[in-house]
Amino acid sequence: MRMVYKVLAYVVAGLVMVQAAAIAFAQFGLMAWIEQGGTLDAAAMQSDDVSFTGVAGYMIHGMFGEMVIPIVVLLLLISSFFARTTGAVKWALIVVVTTAVQVTLGLLADGAPALGILHGAGALVLFGSAIMAGMRAKATGAPAEDASTEPAAVPVS
Amino acid sequence: MTSSRGRRVPRVWVPVLATLVIVVPLTWMWQSSRVPSAYSVMDMGYPDYGGGPQPSTSLAGHAGHGTLSHTGHTMAPITDLVTDPNRPADVRVDLTAASAGVHVGGREIAGFTLNGSTPGPTISAVQGQLVEVRLTNASVSDGVTLHWHGLDVPNAEDGVAGVTQDAVPVGAEFIYRFVADQVGTYWYHSHQISDPHVRGGLLGALVVHPRGERPSGPDVVAVAHTYGSTRTVNGRTGELRVAARPGETARLRVINTDNQPMPIWSDSAYRLVAIDGTDVHQPTMIESQRLLLTAGGRYDLEVAVPASGAARVQLSRATAVVVGSGRPSASVPPQPSSVLDLLSYGTPAALGFEPARAVRHFDYRIGRRPGFVKGRPGMFWTVNGHLYPHVPMYVVRKGEVVIMDIENRSGVVHPMHLHGHHVVVLSRNGVAATGSPWWVDSLNVDVDESYEIAFEANNPGIWMDHCHNLEHAADGMIAHLMYEGWDTPYRIGGPSRNQPE
């Protein structure tokens, strides 16, 4: 289970990278499209087929941010209960809380763009916490994952 | 050993319990968000009486004809709420709905047509005429209905699949009959799977003219619709040209059929003479301000053709109506930064009813949170803190005056549309309305805004009260207004695959 925890932690970090890449791709794509005469307004933004290079970035960012990452992060938290690694639950909780903050900021920033500043910075915090979680699993060493072969953590009296 | 085992047992169970603490509530939320394959809107959510009198009978009676509720009281089916069947029609229209490729801006997108075009034909009537529309479904595979947006028709003519009728399947027809009592600009659209249907163009304009002689200037319908990503007016990109002589006054009936608010501005002075079909009392000239027309809403503008050239009215940046005979200015005039505030536009006039007499006071608080809707996880809209289908059923009695507080804390604008009624804005963010009575059927409730609205409950039946960003409605931003004593025999889902949103 420790391996699952570790993999999930790195998957979260990887997804955060995807998020950054997707939104940058979309943003530059949009800029280039507007430079070439494209016009964007609310109605066009919501339509299914505004097509410019990078438009998928917005879709990916929204879908990963609101659905995929929260689900993976919950799985990470569950796996942390079984990981038997010092600090696993703590780091998983940090990742959960940071993710919750990120999702909230991402949604609120629609109405208060300045929150986007925190959202961007928060991504680095989330990325760092996920990496830390993954590295904790490694640093503790690797006793076998099967609980039966693991030394009891409580002294036998 | 005993103590050792006694201490090891919790160690095994703690992670399992912790997992259950996460998984069980999620599973429960998922399970409770699922809806049956067929259900009545009467079974959805919970009744909200707004502090008014409560019925002595159960609301969920389920009508056949005049069925008994659980407590033995008669509930009448809304199918009784029709226009006088013996009165002959004055205006007859046949509309045939079809799935078709729509050519817009040099591209073809998958869409829908009515009588071979989109928008469908404009239906015109004179006040008081009985309009009869025969809708035939030629090839819309999911079925189709027509809702008369803004017209307060009898409930059974409202065209909401699964609430007021079954979706019309391919090869079948449905006849709508209503008296065009309300003068003004309206529109019609499918209310079966409404988001893709309306996006794809299953819509058209409906204009009710006053009796008597009409003004001499041009009277132009401008249906703004975005096909795919292409903005159009009356189905065409760019400019809609309207011939007019200098000095003439044109009436532009602008209809926003999209999911988002649309800015409107002009290089000439203009007046906003009607909102959602209702005349504005003593409208003043607007010069350096833009309008914001909410999704589903209509504005009638009066524009005087300047002595030289033509007046250009922008419907967003991409499309415009150009009125005049001279050479129009080719460039888009700069969009004014200031938006006309309808709270203080025009001058006060009698409302025709007394909001202070209100016996019910409803809340429609819009929020957003993660959860499940119809078994799908995601971020969803809440009504009074609840996710669909646990939404309020606002219960009223005929003749009552009702006040509703709409508040938007969801971070996104919502165009709120109540079927079958017109509502008047009393205040916004606690500031009382001081202009012309601001009657709407589609209200732009922006982020962190709150509106106090009032209406007379004078049109019995079961009415949707939903967001007209139809994507939001499909995600569950729907509530209903129901009149005590009425029930619907129709079901969401079921053999007709009714899916109003």
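# Reading chain B and a helix of chain A

Contacts in chain B between residues at least 6 apart in sequence join residues at least 24 apart in 74% of cases. The model is predicted.

User: What does the secondary structure of chain B come to?

Analyst: Chain B has three helices and 38 strands. Its radius of gyration is 25 Å, close to the 23 Å that the globule rule gives for 501 residues, so chain B is as compact as a globular protein of that length. The C-alpha trace of chain B spans about 100 × 55 × 50 Å along its principal axes.

User: How should I read a sheet, and what is the strand order in the open sheet of four strands in chain B?

Analyst: In general, strands of a sheet pair through backbone hydrogen bonds, either parallel or antiparallel. Here the order is E5-E4-E7-E9 in chain B, and the pairing is mixed. Strand E5 (107–114) and strand E9 (173–179) of chain B are the edge strands, each pairing on one side only. On average, neighbouring strands of this sheet are turned by 25° against each other, direction ignored.

User: How many bridges join strand E4 to E5(B)?

Analyst: Eight bridges join strand E4 (residues 91–104) of chain B to E5(B), and the two run antiparallel. As one position to look at, Ser99(B) stands opposite Phe112(B) in E5(B).

User: Is Val323(B) buried or exposed?

Analyst: Val323(B) is buried, because its relative accessible area is 0%, and the cut-off for buried is under 20%. This residue lies in strand E23 (residues 319–324) of chain B.

User: Which residues does Val323(B) touch, not counting those up to four places away in sequence?

Analyst: Val323(B) touches Val242(B), Ala244(B), Ala250(B), Leu252(B), Val305(B), Ala310(B) and Ala311(B). As for Phe178(B), which is 145 residues from Val323(B) along the chain, the C-alpha atoms of the two are separated by 33 Å.

User: How do I read a helix, and how far does H1 of chain A reach from its first C-alpha to its last?

Analyst: An α-helix has 3.6 residues a turn, so residues three or four places apart point the same way. Helix H1 (residues 2–35) of chain A has 34 residues and reaches 50 Å, close to the 50 Å expected at 1.5 Å a residue. Just after H1(A), Gly37(A) takes a positive phi of about 105°.

Technical notes. Residues numbered from 1 in each chain as written. Chains lettered and ligands numbered in written order. Predicted model: local features only at pLDDT ≥ 70, side-chain atom pairs only at ≥ 80, totals over all residues. Heavy atoms only, no water. Buried < 20%, exposed > 50% of the residue type's maximum accessible area, 1.4 Å probe, protein only. Contact = heavy atoms within 4.5 Å. Pairing = 2+ DSSP bridges. Axes fitted to C-alpha atoms, helices over the stretch in contact; angles between N-to-C directions. Rg over C-alpha atoms; globule rule 2.2 N^0.38 Å. Expected span 1.5 Å × (residues − 1).
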